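Colleague: Before I rely on any label in this model, I would like to hear how each one was reached. Could you take me through the terms one at a time?

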Amino acid sequence: MTRPLIALVSGILFGAGLAVSGMIDPDRVRAFLDVFGHWDPTLAFVMGGAILPMALAWWLRKKLEQPLASTEFAVPETHKIDRKLVSGAITFGIGWGIAGLCPGPALAALVINPASALLFVAVMLLAMAAFKLIEAKVT
């Protein structure tokens, strides 16, 4: 029961942070990305503010032999920069710039403003399913 509770609390805290910071507001995100127009730098402070807790987490990870709620740390491996990574990053950036949302903020926006996020989330899920089908046929 501990792990699901930790996951739930973490998700609620993350979603609340996205809402309070303005990351679920597509207009604010697009204004942040509009560096040659009416640029809104507030999200730069949000992103910069994320560095401190992440640095603390990496420092703490080095001090612990195992996580508090698991038997081992799940740290992803580093992979080379390849076509799949670059095309995914480009697709993510284009989608973020057009919609003003990315997956995490879109899911959080479903709670606060479902009308504006529902289409994005539906298309995101369809695209993920299509990618899985295409990838399965290619490999």
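Modeller: I start with the helix, since helices (H or I, at least four residues) and strands (E, at least two) are DSSP runs, numbered from the N terminus. The model is predicted, so local features need pLDDT of at least 70 and side-chain atom pairs count only at pLDDT 80 or more, while totals for chains, interfaces and linings use all residues. Residues are numbered from 1 along each chain as its sequence is written, and side-chain values use heavy atoms, with hydrogens and water left out.

Colleague: What makes up the secondary structure of the chain?

Modeller: The chain has 7 helices and 0 strands, and along the sequence this reads α-α-α-α-α-α-α.

Colleague: Where do F92 and W96 lie?

Modeller: Both lie in helix 5 (residues 83–99), 4 residues apart, which is about one turn of the helix. In general, an α-helix has 3.6 residues a turn, so residues three or four places apart point the same way.

Colleague: How many aromatic pairs does the structure hold, and why is the pair of F32 and W39 called tilted?

Modeller: There are 2 aromatic pairs. Rings of Phe, Tyr and Trp (its six-membered ring) pair if their centres lie within 6.5 Å, and planes under 30 degrees apart count as stacked, over 60 as edge-to-face and the rest as tilted. F32 and W39 stand 6.4 Å centre to centre with 35° between the planes, and therefore form a tilted pair. F92 and W96, at 6.3 Å centre to centre and 35° between the planes, are also an aromatic pair that is tilted.

Colleague: Why does F32 count as buried, and what does W39 count as?

Modeller: Buried means under 20% relative accessible area, exposed over 50%, and partly exposed in between (1.4 Å probe, protein chains only). F32 has 13% relative accessibility and is therefore buried, whereas W39, at 42%, counts as partly exposed. In the other pair, F92 is partly exposed at 41% and W96 is buried at 14%. Of the 139 residues of the chain, 18% count as buried.

Colleague: How do you know that the buried residues of helix 6 are on the same side?

Modeller: In helix 6 (residues 103–112) the buried residues are P105, A106, A108 and A109. They cover an arc of only 165° around the axis, which puts them on the same side of helix 6, the arc being that of the directions from the helix axis to the C-beta atoms.

Colleague: What do the buried residues of helix 6 pack against?

Modeller: They pack against helix 1 (2–21) and helix 7 (114–138), where contact means heavy atoms within 4.5 Å.
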